[in-house]
Amino acid sequence: MTALTLSTSSAATLRADAVVVGLAKGAKGAVLAPGAQAVDKAFDGKLTAVLETLGASGAEGEITKLPATGLKAPVVLAVGLGEAPAADEDYDLDTLRRAAGCAARALGGTKKAGFALPAEDAESVAAVAEGALMGAYAFTAYRSNGDAKAGRGKADAKSAPLAEVALLGAKPRDKAHKAAAERAEALAAEVNRARDLINTPSNDLTPKSFAAQAQAAGKEFGLKVEVLDEKALKKGGYGGLMGVGQGSDNPPRLVRVAYTHPKAEKTLAFVGKGITYDSGGISLKPAGHNETMKCDMSGAAAVFAAVVAAARLGLAVNVTGWLALAENMPSGNAMRPGDVLTMYNGKTVEVLNTDAEGRLVLADALTRASEERPDAIVDVATLTGAMVLALGNRTFGIMANDDAFRASLHEIAEEAGEPAWPMPMPSELRRTMDSPVADLKNIGERAGGGLLAGVFLQEFVGEGITWAHLDIAGPAFHESAPFGYTPKGGTGSSVRTLVLLAERTAAGDLG
Ligand code: BES
Ligand code: MN
Ligand code: ZN
């Protein structure tokens with residue numbers, strides 16, 4: 001991963017390939033953001049004028065590169081921050097995160113850059129560090145560079161991410177700054193772990209290989225990892241996981257990844273949908289709807305990454321991750337529309353659409369997680385196309401059986417820099433899932449399909465347990481041009497929200 005340092009050098013003397021400054025839109029033209037003074041001085045105080053002459057305006061995401069004079073670094077890169085804040089206000093933290101990410105992306109293929117962006121307080125140090133480290137991401141594991149003998153993972157230098165980020169202006173001896181940088185490193189590393197898992201094609205990321213990665217990380221970070229294989233799942237009565245997985249040559253797994261802290265007073269359970277490929281099953285998806293379905297394990301990737309992050313940060317809270325892993329394929333063994341499954345909690349489900357598979361694997365995992373009576377459960381899933389239609393590609397939906405918990409999660413997500421929105425769970429949707437043969441169907445009324453899925457899941461949450469459901473189908477996988485710190489492909493959506501929830505819980509900030 002990209003290295004991060006808090007540098008005491010000035011922008012003028014830093015040995016690097018480039019120095020990054022921020023440029024914003026002021027009332028009367030472009031203005032440099034705090035942190036750029038030393039660079040501006042090297043340009044005789046004319047840096048803004050030079051940038052404007054080059055056409056820069058300070059618009060968000062705008063990148064302007066120019067040869068440097070009077071600096072050790074040969075290049076200055078100005079990144080647009082958008083509207084400058086009022087004179088008595090600071091830059092919004094996600095603005096800094098996105099700008100740092102943008103700059104880091106624009107510096108892919110270079111070795112080292114100094115970031116002369118605002119860094120007065122620990123919060124802005126954290127934001128710039130997070131943004132830069134998340135922006136400096138590239139998935140190169142499958143690039144061969146055209147060299148059959150060299151094989152995969154031999155990317156050319158140009159597609160490699162920026163190798164070293166030096167934050168200028170931050171104070172390496174300030175405890176709060178140091179802690180902010182260390183937290184940013186752990187957080188970005190885990191967001192990037194989730195992205196790698198999501199981007200890995202389904203021919204290599206199967207339930208079994210995902211479980212093996214969890215076991216390896218367990219050894220590395222001191223987590224307790226237990227894997228239920230298809231035999232154990234069958235014996236245990238996990239009808240949802242078995243039903244969804246039975247059509248695939250890659251059998252299902254349920255993985256429990258537990259981080260514990262001796263001083264923990266609370267336990268959180270995170271449950272992730274881990275469909276390593278969603279073809280739709282016998283209710284096969286049409287062409288145009290299956291190209292990105294390797295991303296259907298994004299929930300499990302986020303949960304796994306968040307548990308590892310909790311361990312890296314040594315949080316005083318217990319966090320148990322449940323990865324509900326299966327591949328949804330059509331075959332002679334596949335579950336058929338009309339089949340009835342007996343779920344882990346004993347309820348029977350008539351499967352009328354095999355493409356509504358996420359709720360089936362989550363149902364078993366939610367029941368299993370509930371048995372341990374955690375203080376709260378949060379499940380994360382690329383669950384419905386309906387949520388994408390409702391909230392778009394960048395915002396996830398939050399449903400819950402507790403209004404205060406839903407509101408807290410919304411606030412936490414916004415603070416983490418992850419757009420989210422509260423969604424209702426109208427109780428009248430339940431009867432649209434009434435089945436003529438079983439306890440319920442896995443589909444119901446089409447209107448409000450994302451909400452209906454939440455209502456289905458609620459049936460499998462243990463009595464009296466606080467629970468929330470994050471439908472990340474929109475933001476989990478980014479198909480258009482990169483922006484801010486968001487690359488193409490897997491985004492690591494909800495990792496930062498889960499980690500901040502764990503931090504808040506450890507601090508005793510949540511009921
Ligand atoms: N994995 C999909 C949902 C999805 C859609 C994720 C788009 C990411 C992007 C899920 O398993 C699915 O197929 N849901 C169906 C449910 C329907 C059959 C009730 C859907 O949303 O169409
Ligand atoms: Mn599906
Ligand atoms: Zn799915």
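A: Contact, or touching, here means that heavy atoms lie within 4.5 Å of each other. The model is predicted, so local features need pLDDT of at least 70 and side-chain atom pairs count only at pLDDT 80 or more, while totals for chains, interfaces and linings use all residues; side-chain values use heavy atoms, with hydrogens and water left out. Residues are numbered from 1 along each chain as its sequence is written, and chains are lettered from A and ligands numbered from 1 in the order in which they are written.

Start with Leu-501. Leaving aside neighbours within four places in sequence, Leu-501 is in contact with Leu-268, Phe-270, Val-378, Phe-405, Leu-409, Ile-412 and Leu-510. A nonpolar core is a set of buried Ala, Val, Leu, Ile, Met, Phe, Trp, Tyr and Cys residues joined through side-chain atoms within 4.5 Å. Buried means under 20% relative accessible area, exposed means over 50%, and partly exposed is in between (1.4 Å probe, protein chains only).

The largest nonpolar core has 98 residues, and those that touch the most other members are Phe-115, Leu-167, Phe-210, Phe-270, Leu-323, Val-378 and Leu-501. Helix α9 (residues 298–313) gives the most to this core, with twelve residues. Helices (H or I, at least four residues) and strands (E, at least two) are DSSP runs, numbered from the N terminus. At least three residues of this core come from each of domain 1 (3–170) and domain 2 (192–506); the domain bounds come from an automatic or database domain assignment. Apart from this core lies another, of 45 residues, with Trp-322, Met-335, Leu-362 and Leu-366 among them.

Two members of the largest core, Phe-115 and Leu-167, also face each other as bridge partners, with Leu-167 in strand β7. Two strands pair if DSSP finds at least two bridges between them. Strand β6 (residues 112–116) is mostly covered, as four of its five residues are buried. It pairs with β7 (residues 164–168) in the parallel sense over four bridges. Strand β2 (residues 18–26) and β6 also pair in the parallel sense over four bridges, and there Ala-18 stands opposite Ala-113.

Residues up to four places away in sequence aside, Ile-398 touches Arg-406, Leu-409, His-410, Ala-420, Trp-421, Pro-422, Met-423, His-469 and Leu-470. Of these, His-469 is 71 residues from Ile-398 in sequence, yet the two C-alpha atoms are 5.8 Å apart.

Next come the metal ions. Donors are N, O and S atoms within 2.8 Å of the metal (3.2 Å for Na, K and Ca); water is not among the atoms, so sites may look incomplete. The zinc ion (ligand 3) has Lys-273 (NZ), Asp-278 (OD), Asp-296 (OD) and Glu-357 (OE) as protein donors, at 2.0 to 2.4 Å. Its six donor atoms subtend angles of 79 to 174°, which makes the arrangement octahedral.

Asp-278 bridges the zinc ion (ligand 3) and the manganese ion (ligand 2), which lie 3.1 Å apart. Asp-278 is in strand β10 (residues 267–278) and Glu-357 in the loop between β13 and α10, so the pair ties together parts that are 79 residues apart in sequence. Both Asp-278 and Glu-357 are buried, with a relative accessible area of 1% for Glu-357. The protein donors of the manganese ion (ligand 2) are Asp-278 (OD), Asp-355 (O), Asp-355 (OD) and Glu-357 (OE), at 2.0 to 2.2 Å. Here the six donor atoms subtend angles of 69 to 168°, which makes the arrangement irregular. Asp-355 is partly exposed, at 23% relative accessible area.

Thr-367 is buried, at 11% relative accessible area. Beyond four places in sequence, Thr-367 touches Tyr-344, Asn-345 and Phe-460.

Conventions
Tetrahedral: all angles 85-135°; square planar, octahedral: opposite > 155°, others 65-115°.
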